[in-house]
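Biologist: Hello! Could you help me learn to read a protein model, one feature at a time?

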Amino acid sequence: MKIFSQHNNAKDCWLLIGGKVYNVTFLEDHPGGDEVLLSATGKDATDDFEDYVGDIDASTIPTKTKYTPPNQPHYEQDKTSEFVVKLFQFLVPLLILGLALGIRFYTKSPA
């Protein structure tokens, strides 16, 4: 309780409610103002908040469902496209080199 009671200011505020510790350092956003929360620090604040915190009807909580991805046909990657890419990676530089040599040869002026 000693460590808990040290968190009792606007920059570091913890509350003990129902046996659980809550960090409520967002005091400026509290609709009742920061005085309400600060007055409940350093002690068990369960009685202070009992009228404002209710129990939830467990039957209203949606059940968790496990995600199951839809069945899709297995895609078999075509190896032909991989071969074509590698062929172009080899041939395109050769074609550029051949074109550059051809242009140089035909545009070269006689000495």
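Biologist: Is Phe105 buried or exposed, and why?

Modeller: Good place to begin! This is a predicted model, where local features need pLDDT of at least 70, side-chain atom pairs count only at pLDDT 80 or more, and totals for chains, interfaces and linings use all residues. Residues are numbered from 1 along each chain as its sequence is written, and side-chain values use heavy atoms, leaving out hydrogens and water. Buried means under 20% relative accessible area, exposed over 50%, and partly exposed in between (1.4 Å probe, protein chains only). Phe105 counts as exposed because its relative accessibility is 61%. Tyr106, at 70%, counts as exposed too, whereas Glu82, at 38%, is partly exposed.

Biologist: How is an aromatic pair described?

Modeller: By the distance of the ring centres and the angle of the planes. Rings of Phe, Tyr and Trp (its six-membered ring) pair if their centres lie within 6.5 Å; planes under 30 degrees apart are stacked, over 60 edge-to-face, and the rest tilted. This structure has one aromatic pair: Phe105 and Tyr106 sit edge-to-face, with 5.2 Å centre to centre and 80° between the planes.

Biologist: Which helix holds Glu82?

Modeller: Helices (H or I, at least four residues) and strands (E, at least two) are DSSP runs, numbered from the N terminus. Glu82 belongs to helix 4, residues 79–107. The protein has four helices and three strands, in the order α-β-β-β-α-α-α along the sequence.
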